[in-house]
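Thanks, everyone. Let me put the model up, and then we'll walk through a sheet, a helix pair and the cores.

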Amino acid sequence: MDGKNTMWDTLIKNALVFDGSGGLPQLQDVAIRDGNIVALNPNLSAENVSQVIDAAGQWLMPGLLDIHTHFDLEVELEPGLPEAVRHGTTTAVVANCSLGIAYGAQRKDGADPIVDCFARVENVPKPVLRKVADTVTWNNSKDYLDHFSKIPLGPNIVPMIPHSMLRIEVMGLNESVSREPTEAEMQKMEQLVEKGMREGYVGFSTDALPFHYLANRPNTHKQIPTQFAPFFELKRLTQIVRNWGRVWQATPPKDDKLAVFRNFLLTSGRFYGRTLKVTAVAAIDITTNRSLLKLGLMMSRLLNSKFIRGHFRLQALSAPFKIWSDGVITPIAEEIPVLRRLNECDLEDRTGRLAIMTSPGYAAEFRAMWQHGKRGFGIARLKQWLGLSDNVLTRDLRDMTIESCPVPEWKGETMAAIHERLLSWQRSAQGARSEIEKQTFASFVRDVDDCDFFLHLLRTFDTDLRWWTVTANRNAAITKQLLFNPLLLPGFNDSGAHLTNMAFYDGNLRTLKFAQEDGIQKVAQAVHRLTKEPAQFFGIDAGEIRIGARADLVQVDPVALQAYEPEACVEYVYREGFAHHQLVNRPRGVVTRTLINGKLAWDQGAYTPVFGRETLGRVLLNREHGASAPSLAV
């Protein structure tokens with residue numbers, strides 16, 4: 001087909017096309033009509049074409065997949081998902097970690113599950129979550145799918161059935177965090193998972209990380225509902241997922257190594273009759289305990305072995321795991337009981353946190369936590385010395401850098417440097433950089449150590465003290481190896497969550513940047529791992545450039561990709577849709593165009609007029625949706 005007599009909506013000319021297969025790219029033109037790719041050849045005629053895009057010197061690839069997001073919240077407030085589109089993401093998997101809104105707001109008997117479950121686990125402020133819950137108009141999984149066609153959706157949405165919300169739907173919130181299900185309730189959960197699979201949901205998500213807690217009283221000391229599920233419940237529900245050939249997304253009970261292996265052994269085709277696809281969080285190189293990564297990789301090799309016959313993929317993060325904290329409001333604080341008590345207070349409850357921090361005995365508890373394993377003898381000290389710590393927080397002031405606080409001079413300084421300057425000032429009354437620093441120094445007791453220094457900062461500034469630390473993936477070479485390990489999947493960006501704590505929207509672009517260092521063949525491999533490979537894993541029609549495929553495309557400038565510095569792109573901005581600040585990253589010029597359903601959504605640094613006004617994306621269901629129900633596997 002030369003296209004001379006064919007009307008095309010859009011013709012992209014002169015692009016270096018990566019088709020998603022992993023093969024070397026080719027210089028080609030791509031013709032689009034009615035949202036689909038209809039011609040793919042060099043030198044296609046531009047006659048009778050409505051829109052011609054010259055992509056000379058640019059890379060063209062399938063729209064990128066973001067496989068671990070919580071965009072199911074943001075999409076209800078800003079359906080275009082602007083932070084995804086500007087990064088070339090055209091498909092987002094939602095309802096990860098057992099959390100989602102497939103069953104609506106589920107407000108009943110005074111409970112507000114969306115707020116309760118998401119606020120602390122995903123660090124989304126309660127007012128934002130209430131706005132989401134207020135928009136909900138459905139109360140079942142089918143109507144949830146249908147509502148996406150009624151909003152101006154940007155990227156495609158790929159939903160799963162979320163386990164915590166499933167338990168709430170069947171048992172009620174309070175009961176779901178108090179006991180095991182009855183047999184009747186168990187059967188009802190099975191029926192709802194079966195219903196979701198029949199409706200085309202690509203999978204089912206659970207969570208077992210022990211530091212994921214509810215946010216509303218009286219349950220702030222309890223973990224989210226999925227954590228209360230016994231093994232037999234996971235086994236029975238994932239059996240339905242297995243029967244349908246869908247995906248189980250999970251997180252491990254990290255403090256119980258035997259439970260981790262037992263749970264993930266559910267992937268086994270040898271032991272359970274049919275292989276279950278499992279993707280789990282996460283393959284990251286944790287600074288305080290690098291043995292966890294080695295154990296994770298060893299487990300992956302075993303579960304995917306011919307003996308076990310599993311299909312197991314840990315998710316790898318392409319960035320340093322940089323976490324911002326507002327005082328003690330941070331995900332890494334939830335691991336530590338003495339800090340977790342502060343997170344049980346609402347974000348705005350400064351008085352409540354101060355009351356806890358100044359209560360009798362708290363300073364001693366805080367010191368015991370801070371010094372655990374750092375002094376004396378015993379197992380904890382040995383584990384600290386061997387780099388096998390149980391917690392992610394390093395408790396080292398050299399690793400903690402201030403982003404902002406009421407002392408402007410501290411911006412960009414490590415807490416260790418400020419502590420040293422304080423001690424010097426206390427000895428000589430010299431060296432304070434400003435009057436406000438001098439006044440702040442004067443509020444400390446003399447010869448304060450690192451423990452009391454940090455506690456004093458929390459008491460004095462609370463959430464006005466904004467600081468960051470890198471808890472994992474400090475070694476770029478190791479990170480790169482993980483991204484291209486065939487037993488892992490690039491992902492775990494957590495897009496749409498942790499609004500003020502993390503910003504990994506550019507995770508896919510970082511993977512491309514790593515690949516670019518090794519040449520065009522490596523880039524082709526990276527494109528495959530970000531497009532067709534995850535699409536095949538989740539069983540959806542996406543991730544390819546071929547005739548007949550939907551025209552979800554992204555154009556990348558390789559020169560800008562090589563020049564961009566990821567850590568310099570982070571911004572703290574006010575989002576009107578949230579009525580709240582958010583941490584984002586916005587590389588300039590790397591993604592030049594994003595097309596969804598053949599329509600431009602992002603064009604050379606700006607959103608197009610159709611973005612956020614017209615429905616571009618759609619719900620992507622399992623590609624076998626509509627086929628007859630599967631025969632039950634043993």
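Start with the open sheet: three strands, ordered β6-β7-β8, paired in parallel. Strands here are DSSP E runs of at least two residues, helices are H or I runs of at least four, and both are numbered from the N terminus. Two strands pair if DSSP finds at least two bridges between them. β6 (64–66) and β8 (156–158) are the edge strands, each with a single partner, so one side of each has no neighbour in the sheet. β6 pairs with β7 (residues 89–93) over three bridges. There, Leu65 sits opposite Thr91 of β7.

A word on the source: this is a predicted model, where local features need pLDDT of at least 70, side-chain atom pairs count only at pLDDT 80 or more, and totals for chains, interfaces and linings use all residues. Residues are numbered from 1 along each chain as its sequence is written, and side-chain values use heavy atoms, without hydrogens and water.

Next, the cores. A nonpolar core joins buried Ala, Val, Leu, Ile, Met, Phe, Trp, Tyr and Cys residues through side-chain atoms within 4.5 Å. Buried is under 20% relative accessible area, with a 1.4 Å probe and protein chains only. The largest core has 111 residues; Met61, Ile114, Val193 and Phe264 touch the most other members. Helix α3 (residues 113–121) gives the most to this core, six residues.

Now the helix pair. Which residues of α6 meet α9? His163, Leu166 and Arg167 do, against Glu233, Leu234 and Leu237 in α9. Contact means heavy atoms within 4.5 Å.

Note on methods: Buried means under 20% relative accessible area, exposed over 50%, partly exposed in between (1.4 Å probe, protein chains only).
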